[in-house]
Amino acid sequence: ITTGVDGYGLISYYDATNASLKVRQCGNAQCNVGGAITVVDGFGDYFAGQYSAITIGADGMGLVSYYDLTNTSLKVLHCGNAACNSGNISATVDNTGNVGQYTSITVGPDGLGLVSYHDAGNGTLKVLHCGNMLCNSGNVSATVDSAASVGSHSSIAIGADGLALVSYYDATNGHLKALRCGNTTCTSGNISNTLDSAFSVGAYTSVAIDPSGLPIISYYDINNQDLKVFRCVDPACAPYVRVGR
């Protein structure tokens, strides 16, 4: 979910019955009346829409990343209007193997989309930088962590320094990790740190930047069945932290 230019919620989600991606525009602040519900991808024998994430682009239109199950690829859809019910443009942005699960999307300081996602075939974390606002040309995808089986349950945010920070799960070791991009496209100078190395922690991550400009991450402790929160003490999320339940 995100907030549209009209100040109301805009939600992307998966319709499991029809195996399709849908977007709901809220009609008021409570999201209990009005608003459009639109199937934006996935029809008939073509399945798409799992693991969706939505943000608002620099042009004020919704931008949705999601998994194309039929073609095992990552797609990005640019809404054609505020309700996302007309003029939409969908593009396959990575189809190298089985990629696109656990997506998260944000907009960088250059005004272009930045997507974190899982490469299931190789067990790696990838980040894609959109080449334009529609994310259908000039895109650059990079594998940013390939140590063991990593990259599921990713979440991405732009730090106070203008560089992206990605939280994600290290499935091999059962750890929470975070990666700070070294440049706007996340193609060089990246730094990855293990933040919580207790047994089986780090699934279902969500990262945000707090008012002081520091990353804060919520995640699941599988072994103890607890919710945990991890607050970084610097923008790069170096492993000196405060952890609480």
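Which residue of β18 is the bridge partner of Val207? The partner is Ile217, and the points below place that pair in its setting.

1. Basis of the note. The model is predicted, so that local features need pLDDT of at least 70 and side-chain atom pairs count only at pLDDT 80 or more, whereas totals for chains, interfaces and linings use all residues. Residues are numbered from 1 along each chain as its sequence is written, and side-chain values use heavy atoms, with hydrogens and water left out.

2. Strands β17 and β18. Strand β17 covers residues 201-209 and β18 covers residues 215-221, where strands are DSSP runs of E with at least two residues, numbered from the N terminus. The two run antiparallel and are joined by six bridges, pairing being assigned if DSSP finds at least two bridges between two strands. They form a hairpin with five residues between them, and in its turn Gly213 has a positive phi of about 90 degrees.

3. Strands β18 and β19. Strand β18 also pairs with β19 in the antiparallel sense, over six bridges, and here Tyr219 has Lys228 of β19 as its bridge partner. This hairpin has four residues between the strands, and Gln225 takes a positive phi near 55 degrees.

4. The Asp210 to Arg231 contact. Asp210 forms a salt bridge with Arg231 (a side-chain nitrogen of Lys or Arg within 4 Å of a carboxyl oxygen of Asp or Glu), and the closest N and O atoms are 3.0 Å apart. Because Asp210 lies in the loop between β17 and β18 while Arg231 belongs to strand β19 (residues 226-232), the pair ties together parts that are 21 residues apart in sequence. Both residues are buried, a term that means under 20% relative accessible area, with exposed being over 50% and partly exposed in between, for a 1.4 Å probe and protein chains only.

5. Strand β6 and its two neighbours. Strand β6 (residues 62-68) is mostly covered, since seven of its seven residues are buried. Strand β5 (residues 50-56) pairs with β6 in the antiparallel sense over five bridges, and Ile56 has Gly62 of β6 as its bridge partner. Five residues lie between β5 and β6 in their hairpin, where Gly60 in the turn has a positive phi of about 85 degrees. Strand β7 (residues 73-78) pairs with β6 as well, again in the antiparallel sense, over six bridges, and the bridge partner of Leu63 in β7 is His78. The hairpin of β6 and β7 has four residues between the strands, and Thr72 in its turn has a positive phi of about 45 degrees.

6. The Asp41 to Lys75 contact. The structure holds seven salt bridges, and one of them joins Asp41 to Lys75, with the closest N and O atoms 2.9 Å apart. This pair links distant parts of the chain, with Asp41 in strand β4 (residues 37-41) and Lys75 in strand β7, 34 residues apart. Asp41 and Lys75 are both buried.

7. The Asp94 to Lys126 contact. The side chains of Asp94 and Lys126 also meet in a salt bridge, at 2.8 Å from N to O. Asp94 lies in strand β8 (residues 89-94) and Lys126 in strand β11 (residues 124-129), so this pair ties together parts that are 32 residues apart in sequence. Asp94 is buried, with a relative accessible area of 5%, and Lys126 is buried too, with a relative accessible area of 7%.
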